[in-house]
Each structure stands twice: as structure tokens, then as C-alpha cells.
2 protein chains.
Amino acid sequence: MQFLGYFRSSSSYRCRIAFNLKGVGYQFQSVHLKNGAQKSPEFTELNPQRLLPVLITDEGEALYQSLAILEWLDETHPTPPLLPSDPVARAKVRAFSQIIACEIHPLQNLRVLSYLRGELGLDEGAVNAWLARWLREGLEACEGHLAKEAHEGPFCFGNAPGLADICLVPQVFSAQRFGVDITDLTRVSAINAACQALPEFAAAHPAKQPDFEA
Amino acid sequence: MQFLGYFRSSSSYRCRIAFNLKGVGYQFQSVHLKNGAQKSPEFTELNPQRLLPVLITDEGEALYQSLAILEWLDETHPTPPLLPSDPVARAKVRAFSQIIACEIHPLQNLRVLSYLRGELGLDEGAVNAWLARWLREGLEACEGHLAKEAHEGPFCFGNAPGLADICLVPQVFSAQRFGVDITDLTRVSAINAACQALPEFAAAHPAKQPDFEA
């Protein structure tokens, strides 16, 4: 299969972790988000939403939206599972992942930051305040839910990494990149450290990708 | 089961449609979003993210994030299904739903509009331009994906409404409420009309809820 992503895109980062955990190989094609390559006619034909990532299956089907790609991957490559089997437990893992994918990430992605700087004319201080507000609010919600669930084990929902960890680690990376201090969120920080110690997470880091630019 | 929502919350609206399609009854508790009732200690204990909706199962489990609630509902009440059975088809329905839940809705919800008006001091013209930008961009992506898939039948993915339609209809309602013209999006508009003609969608409309305020 073919994977179209970008080293710094946090939704691409999620997929890379999952491919590594599943042991699934793929052909990588970099789409230079910062140069607007996702707006090309070729990419638009693949994904009219013009956002990364896109996965092209061996049958030539173009899949988009990282959470949908991750669920497809889990359904077609069940081992190791990214979700538990009990419906309530699945709902909790999905909801935690959606705090990140639906409530934090959309407010900090490139198109929104471009609008803040361009159309709204915000200076970098105001952009940073915007980023800090949603990153902190969202990751505090993650911390609150982790405390409420109180799972044993080093990962979000127990002894093995899954969908929640796959979403959390790239979000913590973004917080660090944007200079948002979250060291007081001790569970989030400990889980991030536990994940980073795994080779599947380490190899998926943006700095390890072929299209990385400092 | 117990459902905590708000008449105008579009993620609550999604759940109401699904409950109606599944024929599942529930006890409704209104959480007055505009008055900040979701920030109360009682609600925060249920959902540390302090966002609506929350579903409390008969076993007392509090579920949050509408897409996670909808997947739980589909797994525990499989008829009629909200998702197709083929993994690629499931991924396409989920991705379409996530265009709305991950890329449109988070940019127009109350906490973000409050930040635009408050912290950023935007006037209503600038707020409306913000809303129009993301609503149009997102719904145009929906239109593009509907054209690409070219399903027969009146709904997003064929002859029966499912997760995609459940997400689309409340988003079209929001566009209308915010005065964003999308009449040129002919497939989106036709699907919305086909859904509104069904009693399960009609009964879920914000104006039909017990906590409705004009």
C-alpha cells in the first residue's frame, strides 16, 4: 500500500505509529504541506478535502482522515489490536482519541494558523496564546479522563499501546514544538515517555522521516 | 439510559437522530450550554472535557464524544446498521463523518466563537467570515467526496441513512443558522432534504426538543 503524508503532520504521525505497531510495510510519498502540495489537482482528485494523510490500498482505494484509516487498519490487520473488544471500553478509547482529533488538532493545523496570521492579522504572541489555550484545555481533559479511568500500566488504557496512545504522542510532540508547557500533566507526560521508549513510536517520530526538514 | 445534551448542540443532534433510527429510548437531561452548565462540578465529574453530549448507559458508564457514542450504539444495537460491513466502505463513511466532526464542527462551536468574540475582540462580520470559511470549505469537501463516490440513492452512501447522514444534517442546520449559503452544493442539499423527510430526522430537529429556546 501507499501512504501520502508529511513528516510534521500529526495525523500522518498517528498513522506511522500504527503501521509500525502492526508491522505493516508501505510505500511513502511525501506531500509538502507547507508548500501547499496538498492543493495540487492530482492530490485533490485523491482527496477532495485536500488534507493529509491519504492511504491508497493495494486495491487502489484512497482512504483519508487518520482515525478512519486507523480503524480500517485495525479491521484488516487485527494483531495487535488498537482497540479493546468490549463496546464500553472501545467507546472510551475512541472518545479519548477524539478529544485530540476533534477538539485539539483542528484548532492548530496549518490552514487555521494561516487564517489567524493572514486574514485575522494576529501577531505571534496572539497565535501562541491561541495554541496554548486549546492545547492545554484539550490535554487537561485527557489528563482528567486518565485520572478518572485510573488504569494500571504505562499506557493510556493499560499494558499495551493502542489508539489513544497513537493520538496522544503526536499531540504532545505538537505541544512541545509550539512551546506549550504541559509538564504539570503528569499522566500525559509519563505515558508519552513510555511510548517514546518503544521502537515503533521512536521510528515514527517526525525527525526520523525521509522528508524531515529542520 | 440517560442522555445529557442541548437542543442546539450539533453533536447532541447527531445522537438524537441515531437513537431515533435505532428505536432506542432514553431519559433526556438538558445541559444549558449557553449558560455554561457544562462547567459545573457535577458535569465535570461525568466528563472532565466539559463538552456535550454525555450518554450514561444502564450500567452507569458515562460515555462522551458523539462519534464514540454513535459507534457504541451501533455495536450494542446493530439494527439498522449505521456503518456498512466492508472495511473500505466503513472507512469511507467514517472519513466523511470526520470531515464534519473533526474539521468543521470544532471551528464553530461555542467555546471557539466565545474566544473569537472575547479574547480576539472580533466583530460579528469577522466572526461570520470565519464561520463561512470553514463551513464552506468543509461542506465543499463533503460535496467533492459525494461526487467522487457517486452512490445511487437519496442518502450519502446509498439507499439507507447512516453515520454520514447523521453528521451531515446537523451541520447543514448549523450552516443555515449561521447564514452561510450552501444552496450551490446540490448533493449535500438534496441529501439533507431526503433526510429531513424521514420522521427519525424530523423528530431530532432542535426546534422539536423540550429545551428548545427561540
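**Close-up views of a predicted two-chain model**

Figure 1. A:Lys92 counts as buried, because its relative accessibility is 14% and the limit for a buried residue is under 20%. The structure shown here and in the following views is a predicted model. A:Lys92 belongs to helix α4 of chain A, which comprises residues 87-104. Apart from neighbours within four places in sequence, its contacts in chain A are A:Glu149 and A:Phe157. From chain B, the residues B:Glu61, B:Ala62, B:Leu63 and B:Tyr64 are in contact with A:Lys92.

**Figure 2. The two domains of chain A.** Domain 1 of chain A consists of residues 2-80 together with 203-208, and domain 2 covers residues 87-201. A distance of 19 Å separates the C-alpha centres of domain 1 and domain 2 of chain A. In the contact between these domains, domain 1 of chain A takes part with 19 residues and domain 2 of chain A with 20 residues. About 1800 Å² is buried between the two domains of chain A, and carbon and sulfur atoms give 68% of this area.

**Figure 3. Polar and charged pairs between the domains of chain A.** Across the interface of domain 1 and domain 2 of chain A there is 1 salt bridge. A:Glu71 and A:Arg94 form a salt bridge in which the closest N and O atoms are 2.7 Å apart. The two domains of chain A also share 6 residue pairs in polar contact. On the side of domain 1 of chain A that touches domain 2 of chain A, helices α1 (10-22) and α3 (66-76) each supply at least two residues. Helix α1 of chain A gives the most to this side, namely 8 residues. By class, the residues on this side of domain 1 of chain A are 11 nonpolar, 4 polar and 4 charged.

**Figure 4. The interface of chain A and chain B.** Each chain is represented in the contact, with 49 residues from chain A and 49 residues from chain B. The area buried between chain B and chain A is about 4600 Å², with 61% of it on carbon and sulfur atoms. Between chain B and chain A there are 14 salt bridges. One such pair is formed by the side chains of B:Glu119 and A:Arg133, with an N to O distance of 3.0 Å. The interface of chain B and chain A further contains 25 residue pairs in polar contact. The elements of chain B that give two or more residues to the side touching chain A include α3 (66-76), α4 (87-104) and α6 (124-149). Helix α4 of chain B gives the most to this side, with 13 residues. The side of chain B that touches chain A has 28 nonpolar, 8 polar and 13 charged residues.

Figure 5. Side chains of opposite charge can pair when their charged atoms come close. In the salt bridge between A:Glu75 and B:Arg94, the closest N and O atoms are 3.0 Å apart. This pair joins two chains, because A:Glu75 lies in helix α3 of chain A and B:Arg94 in helix α4 of chain B. A:Glu75 is partly exposed at 29% relative accessibility, whereas B:Arg94 is buried with a relative accessible area of 2%. The side chains of A:Arg94 and B:Glu71 also meet in a salt bridge, with an N to O distance of 3.5 Å. A:Arg94 is in helix α4 of chain A and B:Glu71 is in helix α3 of chain B, so this pair likewise joins two chains. A:Arg94 counts as buried at 2% relative accessibility, and B:Glu71 counts as buried at 8%.

Figure 6. Over all chains, the structure holds 28 salt bridges. In one of them, the side chains of A:Arg117 and A:Glu124 meet with an N to O distance of 2.7 Å. A:Arg117 is partly exposed, with a relative accessible area of 38%. A:Glu124 is partly exposed as well, with a relative accessible area of 42%.

Key
Residues numbered from 1 in each chain as written. Chains lettered and ligands numbered in written order. Predicted model: local features only at pLDDT ≥ 70, side-chain atom pairs only at ≥ 80, totals over all residues. Heavy atoms only, no water. Domains from an automatic or database assignment. Contact = heavy atoms within 4.5 Å. Buried area = accessible area lost by both parts, 1.4 Å probe. Salt bridge = Lys/Arg side-chain N within 4 Å of Asp/Glu carboxyl O. Polar contact = N/O pair within 3.5 Å; in protein donor to acceptor, adjacent residues only side chain to side chain. Helix = DSSP H or I, 4+ residues; strand = E, 2+ residues; numbered from the N terminus. Nonpolar A, V, L, I, M, F, W, Y, C, P; charged D, E, K, R; others polar. Buried < 20%, exposed > 50% of the residue type's maximum accessible area, 1.4 Å probe, protein only.
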